[in-house]
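Colleague: I'm new to this one. Could you walk me through how to read it, feature by feature?

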Amino acid sequence: MEASPFIIAVSGKSGCGNSTVSGLLAERLGLRLINFTFRNLAAERGISLQRVLELARDDSAWDREVDERQVAMAREGDCVIGSRLAIWMIPDASLSVYLHATPETRARRIWNREGGKYEEVLAFTQSRDAQDTARYAEIYGIDNSRYDFADLSINTERLGPSRIVDIIEAAARGLRSPRP
């Protein structure tokens, strides 16, 4: 009987640190990183993220493609998967982690990374949160504000990425060594 892959699923809303934390964690543990998002799909199709978000608002095929591709990649073997819905899409993950922070903190991080006017970034972040929540509920019946089933819930407000990775790594190593 073949063992199930060792999968660490990391989720959270935009600006919580999913990509940064997932990347650092995968590197530290020597695992593959799965972080396929609307940004990747936009790049593949040669269109803007904003355009993908507009299209996804009315067509669930965009969400389904991203989610199905991520899950398929994760099932190929040991990995860290970082995505908005990873903990819901891979309910049998070896370890599920939810990262959270206030909308203001998340918008500040996005603003620091991408620039623009903070007020506009905050408004966009809040609008995107609402759109994401509505789409996930409609497509999958998921309430992404309920993450109490996650193995770990980490408030990223005051912790840097390295410290967050320390916490997740300790939990992962407590389950089993993720390295063969």
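## Reading helices, cores and salt bridges

Modeller: Let's begin with a helix: α8 has 15 residues and spans 21 Å from its first C-alpha to its last, close to the 21 Å expected at 1.5 Å a residue. That expected span is 1.5 Å times one less than the number of residues. Helices (H or I, at least four residues) and strands (E, at least two) are DSSP runs, numbered from the N terminus. Keep in mind that this is a predicted model, where local features need pLDDT of at least 70 and side-chain atom pairs count only at pLDDT 80 or more, while totals for chains, interfaces and linings use all residues. Residues are numbered from 1 along each chain as its sequence is written, and side-chain values use heavy atoms, with hydrogens and water left out.

Colleague: Which residues of α8 are buried?

Modeller: First the general idea: buried means under 20% relative accessible area, exposed means over 50%, and partly exposed is in between (1.4 Å probe, protein chains only). In α8, the buried ones are I164, V165, I168, E169 and A172. Looking down the axis of α8, they fall within an arc of 130°, so they line one face of the helix. The arc is taken from the directions from the helix axis to the C-beta atoms. On the face turned away from that buried side, α8 carries the exposed residues A170 and G174.

Colleague: What do the buried residues of α8 pack against?

Modeller: They pack against β1, α1, β4 and β5, where contact means heavy atoms within 4.5 Å. Take A172 as a case: A172 is buried, at a relative accessible area of 0%. Setting aside neighbours within four places in sequence, A172 is in contact with F6, I8, L29 and L95.

Colleague: And how do I read a core?

Modeller: In soluble globular proteins, nonpolar side chains tend to be buried together. A nonpolar core here is a set of buried Ala, Val, Leu, Ile, Met, Phe, Trp, Tyr and Cys residues joined through side-chain atoms within 4.5 Å. The largest one has 20 residues, of which I8, L25, V80, V97, L99, I154 and I168 touch the most other members. At least two residues of this core come from each of β1 (7-11), α1, β4, β5 (152-155) and α8. Apart from it lies another core, of 17 residues, with A9, V71, C79 and I90 among them.

Colleague: Which residues does V80 touch?

Modeller: Not counting residues up to four places away in sequence, V80 touches I8, V10, S22, L25, A26, L31, R32, L33 and I34.

Colleague: Let's turn to charges. How many salt bridges are there?

Modeller: A salt bridge is a side-chain nitrogen of Lys or Arg within 4 Å of a carboxyl oxygen of Asp or Glu, and by this rule the count comes to 16. In one of them, R28 pairs with D166, with the closest N and O atoms 2.6 Å apart. R28 lies in helix α1 (residues 18-29) and D166 in helix α8 (residues 161-175), so the pair ties together parts that are 138 residues apart in sequence. R28 is partly exposed at 27% relative accessible area, and D166 is partly exposed at 31%.

Colleague: Where do E114 and R39 lie?

Modeller: E114 is in helix α6 (residues 103-114) and R39 is in helix α2 (residues 38-45), so their pair ties together parts that are 75 residues apart in sequence. The closest N and O atoms of this salt bridge are 3.0 Å apart. E114 counts as partly exposed at 43% relative accessibility, as does R39 at 42%.

Colleague: Which residues are linked in a network of salt bridges?

Modeller: D63, R84, R128, D132 and R135 are. R135 sits in helix α7 (residues 118-140). Is R135 buried or exposed? R135 is buried, with a relative accessible area of 6%. The side chain of R135 also makes a polar contact with the side chain of D132 (3.0 Å). A polar contact is a pair of N or O atoms within 3.5 Å; within protein, one must be able to donate a hydrogen and the other to accept it, and residues adjacent in sequence count only if both atoms are side-chain atoms.

Colleague: What about D63, which helix is that in?

Modeller: D63 is one of the buried residues of α4, along with W62, V66, D67, Q70, V71 and A74. They cover an arc of only 150° around the axis, which puts them on the same side of α4.
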